[in-house]
Amino acid sequence: MKELQHLNKYFLKYKIQLLVGTLITIAARIFLLFTPRYVKEIFVVIEKHTKGLITQDAFESELAEAILYIIGAALIGGILTFFMRQAIINVSRYIEFDLKNEIYEQYQKLSLNFYKKNRTGDLMNRITEDVGRVRMYAGPALMYSINTLALFVIVIIYMVNASPKLTLYTIVPLPILSVIIYKLSKEIHKRSTIVQEYLSKLSTFTQESFSGISVIKAYGIEPQTSVNFKSLAAESKAKQISLVKVQAWFFPMMILLIGTSNLLVIYIGGMQYINGEIESIGTIAEFIIYVNMLTWPVATVGWVTSIIQQAEASQKRINEFLKIEPEIKNTINSHTKITGDISFNKVSFTYDDTNIRALNDVSFHIKAGETLAILGKTGSGKSTILDLIGRLYDIDKGTITINDTKIDQLNLTDLRDSIGYVPQDAFLFSDTIKTNIKFGNHDATDDDVIEAAKNAQVHKNIIKFNKGYETKLGERGITLSGGQKQRVSIARAIIKSPKILLFDDCLSAVDTETEEKILKNLDKISKGKTTIIVSHRVSSAKNADKIIVLDNGQIVQEGIHDTLINIDGYYKHLYIKQLSETTTK
Ligand SMILES: Nc1ncnc2c1ncn2[C@@H]1O[C@H](COP(=O)(O)OP(=O)(O)OP(=O)(O)O)[C@@H](O)[C@H]1O
């Protein structure tokens, strides 16, 4: 229960609803317990009538009175039971909502490293399935526990009052029932977890096959995919059947034990009646109802125990994530003005998950408003520089300063607000093109959106779609070509009008002519803004105020286009190669 203590703050938050729910539960049980007592009364009246102790009229009126009490109490009990569920189950839904938000907020705070160390499926599971299991504890388990406790206390008092000896004999099988249900629930849980695993394997498999359908078709591997699917589905079926086998024991066991208790009541009650220890046969009827009333709540003790164990395990997994401290923290609360003067001073950086030293002793300086182009072979550390400017990771050695302030001494929100970043893989959300562009600036007007799209050279493409800017993009924006996606992503950064623009090889999927136009527009837009362009093309770099060439995490060349084309090295070779490519085209 240690892990579940995390939920106490929520129980405290909803204490009024929970208290009301508990009181309603107790009241509902009291009303529902009218039935057995008045059933006994009916028997007593019938006995008196058959023995001729009361008149026909008295018999009829007493009978009618008892029946009315039973109906009335059942009605009130039923209504109160409805409110009991409303009160307590609703609280569990509120807690589920709060907990999901708490986890989601924590996810948002955690740094990129966390996402690399944990699989998306696991992140999703903790916020859905684990929270679902915890809700079962905060809702149904709590409700049934209050219910069982309330019922048990009241019924036992009534039963002992009616006949202590009969009480003792009839409740003997109940703990056995509870233990059996507990063992069954545990086994059911074990097997249903395996079933769940197989279901998620199946859905991952199908999801991947659908996403990669073009590759599957192009390679003609549909038959093999079907065989793999069938074998996975067959395993999943076997696990389901093994679960159903245990589940099938549940109700027969319940019926057997209820039957045993009923038999005990009838046998022992009958003997007591014969011996004159109980005055009416009605007491036996009353006890039979009590036993039946107790059976389900007692069975739930086992069920609740297993729910609590599952919730504890789930909450433990949730707590593991909630306890993680974000690696990148904002330590500065006051606002910091960022103009875009960036300096790297002997910066080294190693990714902790791969231990790859992506940058080694890198130093450069760009004044506010200047353009820097970064070139270099793949894997040389270009994207890493951009990630470090956005402080997505903290460096191991050296210093990065922006406006002469160390990057970790800047207000993180201000820093990120002042950056417009276009990643290598343009990610678009499943929403309209307009919303995707406005993601960079929610207050932008429609005219701003069009202006940004024009500057990113994508406006003409967008207006060709039937719904123009309102065109919905499917999962990952599949309706757009690679180059269109890149340009929408550029428009998103432009509309933000940030102090620092970071373009990570985001013109790779556009032709050189469009690239030229975009660069020209950027020249205009980026006046007064610091721009860093990562590229594999000399054409993207040639107009930059400074060019650096990286190799294996180190700067191997530095200068401007006109100088670098005359120095033997990577830049010159790339220039000649790309020049010959354009002339042969
Ligand atoms: N998120 C990451 N986790 C671990 N290692 C990484 C990560 N990103 C990059 N690396 C490694 O760091 C090195 C530099 O990568 P980086 O992405 O900065 O190169 P790049 O020059 O931008 O390459 P490309 O031109 O192919 O985009 C590579 O060896 C890469 O494998």
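Me: Which helix gives the largest share of the shell around the ligand?
Reply: Helix α12, residues 382-389, gives three residues, the largest share. A helix here is a DSSP run of H or I with at least four residues, a strand is a run of E with at least two, and both are numbered from the N terminus. This is a predicted model, where local features need pLDDT of at least 70, side-chain atom pairs count only at pLDDT 80 or more, and totals for chains, interfaces and linings use all residues. Residues are numbered from 1 along each chain as its sequence is written.

Me: How many residues surround the ligand, and what makes a residue count?
Reply: The shell has 16 residues. The closest are Y351, T378, K382, S383 and T384. Each residue counts because its C-beta atom, placed from the backbone, lies within 6 Å of the molecule.

Me: How do the shell residues divide by class?
Reply: Three are nonpolar, nine are polar and four are charged. Nonpolar covers Ala, Val, Leu, Ile, Met, Phe, Trp, Tyr, Cys and Pro; charged covers Asp, Glu, Lys and Arg; the others, Gly among them, are polar.

Me: Where do the domains lie?
Reply: Domain 1 is 3-322, domain 2 is 335-418 + 500-585, and domain 3 is 426-497. These bounds come from an automatic or database domain assignment. The C-alpha centres of domain 2 and domain 3 lie 24 Å apart.

Me: What makes up the contact between domain 2 and domain 3?
Reply: It takes 10 residues from domain 2 and 12 residues from domain 3. Two residues are in contact if their C-beta atoms, placed from the backbone, lie within 7 Å. On the domain 2 side, the largest share is five residues from helix α18, residues 512-525. By class, that side has seven nonpolar, two polar and one charged residues.

Me: Why is R29 called buried?
Reply: R29 has 25 other C-beta atoms within 10 Å, so it is buried. The cut-offs are 20 or more for buried, 12 or fewer for exposed, and in between for partly exposed, with C-beta atoms placed from the backbone. R29 sits in helix α2, residues 15-32. Beyond its neighbours within four places in sequence, R29 contacts A150, L151 and I154.

Me: How do you know which class I70 falls in, buried, exposed or partly exposed?
Reply: Count the other C-beta atoms within 10 Å: I70 has 18, so it is partly exposed. I70 lies in helix α4, residues 56-109.

Me: What makes the phi of D361 worth a note?
Reply: It is positive, about 60 degrees, although D361 is not a glycine. D361 is found in strand β2, residues 357-366. With 14 other C-beta atoms within 10 Å, D361 is partly exposed.

Me: What is noted about the phi of N403, and where is this residue?
Reply: The phi of N403 is near 50 degrees, a positive value in a residue other than glycine. N403 is in the loop between β4 (397-402) and β5 (405-406). It has 15 C-beta neighbours inside 10 Å, so N403 counts as partly exposed.

Me: What makes a set of residues a nonpolar core?
Reply: Its members are buried Ala, Val, Leu, Ile, Met, Phe, Trp, Tyr and Cys residues joined through C-beta atoms within 7 Å. The largest such core here has 69 residues, and those with the most contacts inside it are I374, A491, L502 and I547. Helix α17, residues 482-495, gives the most to this core, with six residues. The core draws at least three residues from each of domain 2 and domain 3. Apart from it lies another core, of 49 residues, among them I24, I127, V155 and I181.

Me: Where does UniProt place "transmembrane region"?
Reply: The unreviewed UniProt entry gives residues 12-34, 66-84, 141-160, 166-184, 249-268 and 288-308. UniProt positions use the numbering used here, feature names are shortened, and annotations may be inferred rather than shown by experiment. In the model, 66-84 is 100% helix and 0% strand, with its end C-alpha atoms 26 Å apart. The span 141-160 is also 100% helix and 0% strand, and its end C-alpha atoms lie 28 Å apart.
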